[in-house]
Amino acid sequence: MSLVNFTAREITCKIVYYGPGRSGKTTNLQYVFGRVPETRRGRMVSLATHGDRTLFFDFLPIDLGTISGFSTRFQLYTVPGQSYYNATRKLVLQGADGVVFVADSQARRFDDNLESLQNLQENLLEQGVDVRQMPIVFQYNKQDLPRDLVLAREDLDDALNFRGAESFSADALHGSGVFETLKGVSELVLRKLAVGSVPA
Amino acid sequence: MRVLESWVSGPLSRFLTESSARMVLLMTSSGQVVAQHGFTRSVDVMSAAALGAGIMASTGEMARLMGSPHFGALVHQGSEQGMLLCGFDTPRGRWIGLVAFGPETSVGLVQLFFQQFVDEITAAAPPAEVHGPVLAENFEHELNASLRALFGR
């Protein structure tokens with residue numbers, strides 16, 4: 001749940017990048033880390049194995065600046081994607097204000113995406129959160145790969161995004177779509193704090 | 001010292017004075033910062049809170065796997081400073097305290113005074129206030145400008 005400090009006029013929101021292993025969640029954060037000026041971000045904390053696979057989470061705090069008179073900060077987290085790390089995924093998901101589901105666009109990873117999305121729904125439900133109430137955007141990563149290896153955005157939308165959430169094509173390694181994805185989820189998360197907002 | 005809500009200030013000041021702790025961080029169980037003393041950069045505070053909440057969450061899960069109730073506190077003793085990490089229930093939900101201390105005090109004193117602090121803020125916590133909308137309806141323009149500036153676009 002977003003933390004609002006009315007005295008200091010500060011807002012802090014938690015956004016979790018979720019998805020199957022090696023879909024590019026950490027790469028998204030690494031790109032953001034590389035682009036955002038040092039004065040506007042913290043250190044990127046990565047609890048990873050020697051092979052650079054996320055073991056617990058990656059964490060990157062960024063300072064968005066002032067929005068509607070509130071100094072606004074986002075805490076960006078990733079979860080470990082491999083199926084056997086579900087206990088840690090649940091822990092990181094606690095208190096999330098928004099989710100970016102990073103899908104791997106490769107056709108051979110189709111089942112992994114479905115399994116991860118189902119896992120997200122189960123873990124949210126276990127925490128008493130209905131996925132329909134959670135601000136969520138989809139990012140279809142690795143769209144830069146040869147066309148015969150990847151599924152088109154429309155096909156991925158059909159398979160994964162049956163609630164019609166906003167979705168973005170991306171090549172996180174080179175930054176394409178990373179900004180748009182963050183912007184998309186930011187709007188959804190902050191909309192919940194805005195005048196005239198209605199439940200999703 | 002920075003606190004999210006003013007009723008935390010008094011008990012936290014007393015704890016700092018009595019325990020001689022160097023740094024204190026109070027956070028929710030999901031890693032949101034509630035109060036802090038001793039950190040210089042707000043973004044570093046958030047990193048410390050994320051790690052502290054992660055440690056407590058994984059330790060709690062370990063306890064569950066071993067069929068134990070929550071572990072109350074964790075202590076790490078380094079050569080220059082030590083760290084106490086402690087979870088506790090408040091009327092505002094479960095919070096976590098992270099305390100860094102040096103050789104000018106001891107883990108026993110820090111734990112003793114921290115428990116007093118927990119008792120004080122548990123008693124002092126007012127009911128959660130209900131606030132109306134926080135942001136203006138047309139906040140997107142400012143958000144987009146902020147994000148474009150951040151990404152150099």
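The following exercises, with worked solutions, concern a predicted model.

**Exercise 1. The buried residues of a helix**

Identify which residues are buried in helix H1 (residues 9-19) of chain B, and explain why they line one face of the helix.

*Solution.* 
Step 1. The buried residues in this helix are B:Pro11, B:Leu12, B:Phe15 and B:Ser19.
Step 2. When H1(B) is viewed down its axis, its buried residues fall within an arc of 100°, and therefore they line one face of the helix.
Step 3. The buried residues of H1(B) pack against strand S1 (2-3), strand S2 (23-28), strand S3 (33-37) and helix H3 (107-124) of chain B.
Step 4. Just after H1(B), the backbone at B:Ser20 takes a positive phi of about 60°.

**Exercise 2. The surroundings of A:Gln94**

Locate A:Gln94 in chain A, and explain why this residue counts as partly exposed.

*Solution.* 
Step 1. A:Gln94 is found in the loop between helix H2 (86-93) and strand S6 (98-104) of chain A.
Step 2. A residue is buried with 20 or more other C-beta atoms within 10 Å of its own, and exposed with 12 or fewer.
Step 3. A:Gln94 has 17 C-beta neighbours inside 10 Å, so it counts as partly exposed.
Step 4. Leaving aside residues up to four places away in sequence, A:Gln94 touches A:Gln127, B:Ser29 and B:Ser30.
Step 5. A:Gln94 and A:Lys14 are 80 residues apart in sequence, and their C-alpha atoms are 9.4 Å apart in space.

**Exercise 3. Two packed helices**

Describe how H2(A) and helix H3 (residues 110-126) of chain A pack.

*Solution.* 
Step 1. The axes of H2(A) and H3(A) are 10 Å apart and meet at an angle of about 60°.
Step 2. The two helices, H2(A) and H3(A), are therefore oblique to each other.
Step 3. Their crossing, that of H2(A) and H3(A), is right-handed.
Step 4. H2(A) makes the contact through A:Asn86, A:Arg89, A:Lys90 and A:Leu93, and H3(A) through A:Asn119, A:Asn123, A:Leu124 and A:Glu126.
Step 5. By class, this contact of H2(A) with H3(A) has two nonpolar, three polar and three charged residues.

Technical notes. Residues are numbered from 1 along each chain as its sequence is written. Chains are lettered from A and ligands numbered from 1 in the order in which they are written. This is a predicted model: local features need pLDDT of at least 70, side-chain atom pairs count only at pLDDT 80 or more; totals for chains, interfaces and linings use all residues. Helices (H or I, at least four residues) and strands (E, at least two) are DSSP runs, numbered from the N terminus. The arc is that of the directions from the helix axis to the C-beta atoms. Two residues are in contact if their C-beta atoms, placed from the backbone, lie within 7 Å. Axes are lines fitted to C-alpha atoms, for helices over the stretch in contact, and angles run from 0 to 180 degrees between N-to-C directions. Angles under 35 degrees count as roughly parallel, over 145 as roughly antiparallel, 65 to 115 as roughly perpendicular and the rest as oblique. A crossing is left-handed if the near helix is turned anticlockwise from the far one by less than a right angle, and right-handed if clockwise. Ala, Val, Leu, Ile, Met, Phe, Trp, Tyr, Cys and Pro count as nonpolar, Asp, Glu, Lys and Arg as charged, and the others, Gly among them, as polar.
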